[in-house]
Amino acid sequence: MTSSNIYDKLKKCESCIRQITDFVPKVAIVLGSGLGDYADTIRVSAQVPYGDIEGFPVSTVPGHDGRFIFGYVEEVPVVCMKGRVHYYEGYDIGDVVLPIRLMKLLGAEILFLTNASGGVNTSFHAGDLMLITDHISCFAPNPLIGANIEELGTRFPDMTHVYDGELQTVIKAAARERHIFLQQGVYAQLTGPSFETPAEIRMLRTLGCDAVGMSTAVEAVAAAHMGMKICGISCVCNLAAGMTANPLSHREVQEAADKAAPAFKSLVTESVKNFGKM
Ligand code: HPA
């Protein structure tokens, strides 16, 4: 897909949503595995199923219910993505990040990314929450490849501070306030859908990576291109391949995410409430 096609599609998706709601969010939240029912805690103003948006990529992963939810977390206007699309589903990388770009066009200034990951850091435990301080995205295609979309951002965007320092401070304070233990570290995105081999996990650890997953970093790159303030929390659902005797399964990841969900939700709510004061 060419860059001008990507931009046209984005503007069409924007006008499609604007025919349904004029809600202007401040914070965009992407709900990863385990946080799917976070949407139930939102005071909902409008919902838009992805399938109702012309040209919008619709997820094929079982259990990934796809829609935008517009509403309020405490008094903060948010748009929530219930379900995201992953590169491994076969979409162009431009389609994978289209929802992020769309939420920015709808008014969101802050992007709150969440995901499920495998722990690479040997001091992590299954069920830990990790504040993402930086990422390694170079194992996945860069979503900015192709002619630069000038309407969105600059050709060579700086990636020194992808994850905003002030937002990280707020999240750490929120974790203290709610007595939630929070790890922090570097998240690496690989394409998936296969889990990594033990040798790949050793490589990632050598490279300074603390957790690994199949989403998020490319979304952060697209958002940073557009000048959004970004933060992210990863739910470390399992220790990565080769770190325990157990083989990895999607079901195990989902069960661990479900178990961590109450703390995860509490942390997101307390953080977003405080983002509203920024
Ligand atoms: N690897 C990659 N992605 C993941 C993992 C993992 O071990 N766990 C949850 N998502």
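Helices (H or I, at least four residues) and strands (E, at least two) are taken as DSSP runs, numbered from the N terminus. This is a predicted model: local features need pLDDT of at least 70, side-chain atom pairs count only at pLDDT 80 or more, and totals for chains, interfaces and linings use all residues. Residues are numbered from 1 along each chain as its sequence is written, and side-chain values use heavy atoms, with hydrogens and water left out.

**Helix α6 and S266**

Helix α6 spans residues 250-275 and contains S266. S266 is buried, at a relative accessible area of 17%. Buried means under 20% relative accessible area, exposed means over 50%, and partly exposed lies in between (1.4 Å probe, protein chains only). Leaving aside residues up to four places away in sequence, S266 touches R178 and I180. Contact here means heavy atoms within 4.5 Å.

**The ligand site**

Which residues surround the ligand? They are A116, S117, G118, F195, E196, V212, G213, M214, N238, L248 and V253. A residue counts as near a molecule or strand if one of its heavy atoms lies within 4 Å of it. Polar contacts are pairs of N or O atoms within 3.5 Å; within protein, one must be able to donate a hydrogen and the other to accept it, and residues adjacent in sequence count only if both atoms are side-chain atoms. The backbone of S117 places a polar atom 3.4 Å from a ligand nitrogen. G118 has a backbone N or O atom 3.4 Å from a nitrogen atom of the ligand. The side chain of E196 has an N or O atom 2.8 Å from a ligand nitrogen. On its own the ligand has 260 Å² of accessible area, and the protein covers 95% of that. Accessible areas come from the Shrake-Rupley method with a 1.4 Å probe; for residues, only the protein chains shown count as cover.

A116 sits in strand β5 (residues 110-119). A116 is buried, with a relative accessible area of 19%. Its contacts, not counting residues up to four places away in sequence, are S33, G213, S234, C235, C237 and V253.

**Salt bridges**

The structure holds 9 salt bridges. Each is a side-chain nitrogen of Lys or Arg within 4 Å of a carboxyl oxygen of Asp or Glu. Three of them are tabulated.

| Pair | Closest N to O |
|---|---|
| D95 and K9 | 2.8 Å |
| R251 and E255 | 3.1 Å |

D95 forms its salt bridge with K9. D95 lies in helix α2 (residues 93-105) and K9 in helix α1 (residues 3-18), so the pair ties together parts 86 residues apart in sequence. Both D95 and K9 are buried. E219 belongs to helix α5 (residues 217-225) and R84 to the loop between β4 (76-82) and α2, so this pair links parts 135 residues apart in sequence. E219 and R84 are both buried.

R251 and E255 are 4 residues apart in helix α6, about one helical turn. R251 is exposed at 59% relative accessibility, while E255 is partly exposed at 44%. Salt bridges with shared partners join R178, E270 and K273 into one network.

**A nonpolar surface patch**

F139, M203 and L207 form a nonpolar patch on the surface, with about 250 Å² of accessible area together. Patches are made of residues with over 30% relative accessible area and no salt bridge: like charges are joined within 9 Å, nonpolar side chains (Val, Leu, Ile, Met, Phe, Trp, Tyr) within 5 Å. M203 lies in helix α4 (residues 198-206). M203 is partly exposed, at 34% relative accessible area.
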